[in-house]
Amino acid sequence: MPDISDLKKSYGEKTVLSIDTLTIQKSETIAVTGPNGSGKSTLLKILAGLTKADSGTADGFGKVLYMPQVNYAFSMSVEKNVLYAMSGESKAERAQKILKLLGLYDLKERNAKKLSGGETQRLALARLLVCECDTLLLDEPSGAVDIDGTDTVWHAIERYRQENGCTVIFSTHSPVEAGKHSDRILLLHKGGIIEDASSANFFKEQKSEWGKKFIAQFSVNADESGKEQLC
C-alpha cells in the first residue's frame with residue numbers, strides 16, 4: 001500500500017512541501033489540487049523519482065509512470081512515437097488501439113512535431129498508457145486540451161486504471177475537475193495537506209478556513225462532483 005511519511009522539501013529557506021503522513025489505497029484515483037506554488041508538481045516529481053526529498057519516505061508506489069505538465073514529441077510519425085515507448089509482441093496492434101482511444105489514429109502518419117499542443121499532450125499520454133505500471137502520476141493531464149479532448153483524455157485514463165488496477169494520482173488547479181475524475185481529493189496549501197476527503201464529501205464541508213475560501217471561489221455543488229463513468 002503506498003505510504004508517505006514526514007516528507008519534506010525546501011528550496012533555501014522556503015518550504016515547498018511538508019506532508020506528515022498519507023496512506024493511499026491500491027487502485028485509488030487521487031486528485032491533488034491547490035493554487036500555484038502549493039506543492040502539487042513537487043509532490044508528483046518526488047514520487048516519480050525526479051526530485052529528491054530533503055527528508056521522509058514515500059514507499060509502496062511500485063513501478064511508476066509520470067507525465068509532466070509540458071510534454072514533447074520526437075521528430076517521427078505519431079505512431080512511431082508510441083512504438084518507441086513499447087516492448088514485447090503485438091506492438092503495432094497495441095499502438096493503434098491506444099491511438100484510436102485518444103483520437104489520434106487519423107494522425108498516425110503525421111510528423112509528431114507538427115501536432116498542436118493538445119494533440120501533443122494526448123500523444124504523451126498514449127506513450128504512457130501502452131505500458132504497465134503500479135502508479136500513474138499525471139501533472140495537469142488535460143491542461144492543454146480542449147473540451148472534447150478533455151473527455152477523451154479522462155476516458156482513456158479511467159479505462160487504463162480499470163484494466164490495470166493501478167493507482168492514479170493527478171494534479172489540477174480545478175476542484176471541479178478533481179471532483180469529476182477522482183475518488184479522493186487532497187487540497188494543498190503552502191506544501192501541506194489541509195483538506196483530505198472523498199470527492200463527494202470534499203465540497204460539503206471543509207475543515208480549514210483557507211479551504212473554505214478556496215472552494216468558495218468555484219461555484220461547485222457537491223451533487224456536481226460525481227465521478228465520470230465509462231460507457
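Select helix α3, residues 91-101, and colour A95, I98 and L99, which are its buried residues; buried here means under 20% relative accessible area, exposed means over 50%, and partly exposed lies in between, with a 1.4 Å probe and protein chains only. These residues span an arc of only 105° around the axis, so they sit on the same side of α3, the arc being that of the directions from the helix axis to the C-beta atoms. This is a predicted model, in which local features need pLDDT of at least 70 and side-chain atom pairs count only at pLDDT 80 or more, while totals for chains, interfaces and linings use all residues. Residues are numbered from 1 along each chain as its sequence is written, and side-chain values use heavy atoms, with hydrogens and water left out. Helices (H or I, at least four residues) and strands (E, at least two) are DSSP runs, numbered from the N terminus.

**Around α3**

Turn to the face of α3 that points away from its buried side, and you will find the exposed residues E93, K97 and K100. Going back to the buried residues of α3, display what covers them, which includes α2 (78-84) and α4 (117-129). Next pick A92, also in helix α3, which counts as partly exposed at 40% relative accessibility. With residues up to four places away in sequence not counted, A92 touches E79 and L83, where contact means heavy atoms within 4.5 Å. A distance drawn from the C-alpha atom of A92 to that of R161, 69 residues apart along the chain, reads 22 Å. Just after α3, select G103, which takes a positive phi of about 70°.

**The α4 and α5 pair**

Now show α4 together with helix α5, residues 147-164: their axes come within 11 Å and cross at roughly 10°. The axes are lines fitted to C-alpha atoms, for helices over the stretch in contact, and the angles run from 0 to 180 degrees between N-to-C directions. The crossing angle makes α4 roughly parallel to α5, since angles under 35 degrees count as roughly parallel, over 145 as roughly antiparallel, 65 to 115 as roughly perpendicular and the rest as oblique. To see the contact itself, show the side chains of R122, L125, L128 and L129 on α4 and of V153, A156, I157 and Y160 on α5. Sorted by class, this contact has 7 nonpolar, no polar and 1 charged residues; Ala, Val, Leu, Ile, Met, Phe, Trp, Tyr, Cys and Pro count as nonpolar, Asp, Glu, Lys and Arg as charged, and the others, Gly among them, as polar.

**The nonpolar cores**

Which residues touch the most other members of the largest nonpolar core? Among its 43 residues, they are V82, L123, L125, L136, L138 and I157, and the largest share of this core, 6 residues, comes from α4. A nonpolar core is a set of buried Ala, Val, Leu, Ile, Met, Phe, Trp, Tyr and Cys residues joined through side-chain atoms within 4.5 Å. Centre the view on L136, which, leaving aside its neighbours within four places in sequence, is in contact with L65, L128, L129, I157, Y160, C166, T167, V168 and I169. A second, separate core of 19 residues can be located through I4, L43, L44 and F61, which are included in it.

Just after α1 comes G49, with a positive phi of about 80°.

Select A31 in strand β3, residues 29-33, which counts as buried at 0% relative accessibility. Apart from neighbours within four places in sequence, A31 is in contact with F170, A178, S182, R184, I185 and L186. The C-alpha atoms of A31 and V176 are 145 residues apart along the chain and separated by 10 Å.

In the loop between β2 (14-23) and β3, find S27, which has a positive phi of about 70° although it is not a glycine, and which is partly exposed with a relative accessible area of 23%. In the loop between β6 (135-139) and α5, find E140, another residue other than glycine with a positive phi, near 50°; at 12% relative accessibility, E140 counts as buried.

Finish at M76, in the loop between β5 (64-67) and α2, which is partly exposed with a relative accessible area of 26%. Residues up to four places away in sequence are not counted here, and M76 touches N81, R110, N111 and A112.
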